[in-house]
Amino acid sequence: ETSSGIVVAETVMKDYNPCEGKVAKVGEGRMTSTGEFSTPPCKEGDFVKFRDYAGNEVKIEGKEYSLVRMVDILTSIPAP
(Lines give C-alpha, C1' and ligand atoms only; values in the text may rest on other atoms or scores of the structure.)
Protein backbone atom coordinates (compact mmCIF):
# COMPACT_ATOMS: atom_id res chain seq x y z
CA GLU A 1 0.00 0.00 0.00
CA THR A 2 1.33 3.45 -0.93
CA SER A 3 1.26 6.50 1.37
CA SER A 4 -1.85 7.73 -0.47
CA GLY A 5 -3.68 4.46 0.23
CA ILE A 6 -3.37 2.80 -3.19
CA VAL A 7 -2.78 -0.93 -2.96
CA VAL A 8 -0.22 -2.17 -5.50
CA ALA A 9 0.41 -5.85 -6.24
CA GLU A 10 3.70 -7.11 -4.83
CA THR A 11 4.82 -8.34 -8.26
CA VAL A 12 4.45 -4.83 -9.66
CA MET A 13 6.53 -3.27 -6.87
CA LYS A 14 9.23 -5.94 -7.22
CA ASP A 15 9.81 -4.98 -10.87
CA TYR A 16 9.44 -1.23 -10.23
CA ASN A 17 12.21 0.76 -11.85
CA PRO A 18 12.68 4.23 -10.28
CA CYS A 19 12.60 7.12 -12.73
CA GLU A 20 14.47 9.73 -10.71
CA GLY A 21 17.83 9.90 -9.07
CA LYS A 22 20.96 11.83 -8.16
CA VAL A 23 23.49 12.43 -10.94
CA ALA A 24 26.79 10.73 -10.09
CA LYS A 25 28.70 11.49 -13.31
CA VAL A 26 28.04 13.45 -16.51
CA GLY A 27 29.53 12.80 -19.93
CA GLU A 28 30.71 15.33 -22.50
CA GLY A 29 27.25 15.92 -23.90
CA ARG A 30 25.75 15.02 -27.23
CA MET A 31 27.64 15.65 -30.47
CA THR A 32 25.84 18.11 -32.74
CA SER A 33 25.83 18.13 -36.55
CA THR A 34 28.69 20.65 -36.46
CA GLY A 35 30.89 18.20 -34.55
CA GLU A 36 30.76 20.10 -31.27
CA PHE A 37 29.38 18.76 -28.00
CA SER A 38 26.16 20.27 -26.66
CA THR A 39 25.94 21.31 -23.02
CA PRO A 40 24.55 18.53 -20.80
CA PRO A 41 21.16 19.36 -19.18
CA CYS A 42 22.46 18.60 -15.68
CA LYS A 43 25.60 18.46 -13.56
CA GLU A 44 26.98 16.11 -10.94
CA GLY A 45 24.93 16.25 -7.75
CA ASP A 46 21.68 17.34 -9.45
CA PHE A 47 18.51 15.34 -8.88
CA VAL A 48 16.74 14.50 -12.13
CA LYS A 49 13.54 12.90 -13.40
CA PHE A 50 13.90 10.68 -16.44
CA ARG A 51 11.60 8.64 -18.65
CA ASP A 52 10.04 5.53 -17.12
CA TYR A 53 12.20 2.45 -17.72
CA ALA A 54 14.95 4.55 -19.32
CA GLY A 55 18.55 3.59 -18.79
CA ASN A 56 20.50 0.44 -18.09
CA GLU A 57 21.29 -0.93 -14.66
CA VAL A 58 25.01 -1.56 -14.04
CA LYS A 59 27.09 -2.46 -11.01
CA ILE A 60 30.44 -0.68 -10.63
CA GLU A 61 32.70 -1.63 -7.74
CA GLY A 62 29.72 -3.22 -5.96
CA LYS A 63 27.47 -0.16 -6.27
CA GLU A 64 24.39 -0.10 -8.53
CA TYR A 65 23.86 2.72 -11.03
CA SER A 66 21.45 3.53 -13.86
CA LEU A 67 23.06 4.75 -17.07
CA VAL A 68 20.60 7.19 -18.64
CA ARG A 69 20.96 8.89 -22.02
CA MET A 70 20.83 12.68 -22.03
CA VAL A 71 17.70 12.66 -24.24
CA ASP A 72 15.84 10.61 -21.60
CA ILE A 73 16.31 13.23 -18.85
CA LEU A 74 13.07 15.20 -18.51
CA THR A 75 13.89 17.77 -15.82
CA SER A 76 15.91 18.63 -12.75
CA ILE A 77 14.00 18.32 -9.47
CA PRO A 78 14.59 19.72 -5.96
CA ALA A 79 16.67 17.51 -3.67
CA PRO A 80 14.51 15.22 -1.52
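Four bridges join β2 to strand β5 (residues 73-77), and these two strands run antiparallel; strands pair if DSSP finds at least two bridges between them. Within this pairing, F50 stands opposite I73 in β5. β2 is also joined to β1 by three bridges, again in an antiparallel arrangement. There, K49 in β2 is the bridge partner of E20.

The model is predicted, so local features need pLDDT of at least 70 and side-chain atom pairs count only at pLDDT 80 or more, whereas totals for chains, interfaces and linings use all residues. Residues are numbered from 1 along each chain as its sequence is written, and side-chain values use heavy atoms, with hydrogens and water left out.

The chain has one helix and five strands, in the order α-β-β-β-β-β from the N terminus on. Helices (H or I, at least four residues) and strands (E, at least two) are DSSP runs, numbered from the N terminus. Confidence is given as pLDDT, the predictor's value for each residue from 0 to 100. Its mean over the chain is 81, and 79% of the residues reach 70 or more.

For single residues, buried means under 20% relative accessible area, exposed over 50%, and partly exposed in between (1.4 Å probe, protein chains only). Buried residues make up 12% of the 80 residues in the chain.

Two loop residues have a positive phi although neither is glycine. Y53, in the loop between β2 and β3, has phi near 60°. Y53 counts as exposed because its relative accessible area is 60%. E61 is found in the loop between β3 and β4, with phi near 50°. E61 is likewise exposed, at a relative accessible area of 83%.

Where is there open space in the model? Rolling a probe the size of a water molecule over the atoms shows where empty space is left. On a 1 Å grid over the protein atoms alone, a pocket is an open set of points, where a 1.4 Å probe fits, with protein on both sides within 12 Å along at least five of seven lines; lining residues have an atom within 4 Å of a point. The largest pocket holds about 700 Å³ of space, a volume being the space filled by probe spheres set on the points, which are joined across faces, edges and corners. Its lining has 28 residues, and V23, A24, K25, S66 and V68 lie nearest the centre. Elements that give two or more residues to this lining are β1 (20-22), β2, β3 (56-60) and β4 (63-67). The largest share, five residues, comes from β4. By type, the lining divides into 15 nonpolar, four polar and nine charged residues. Here Ala, Val, Leu, Ile, Met, Phe, Trp, Tyr, Cys and Pro count as nonpolar, Asp, Glu, Lys and Arg as charged, and the others, Gly among them, as polar.
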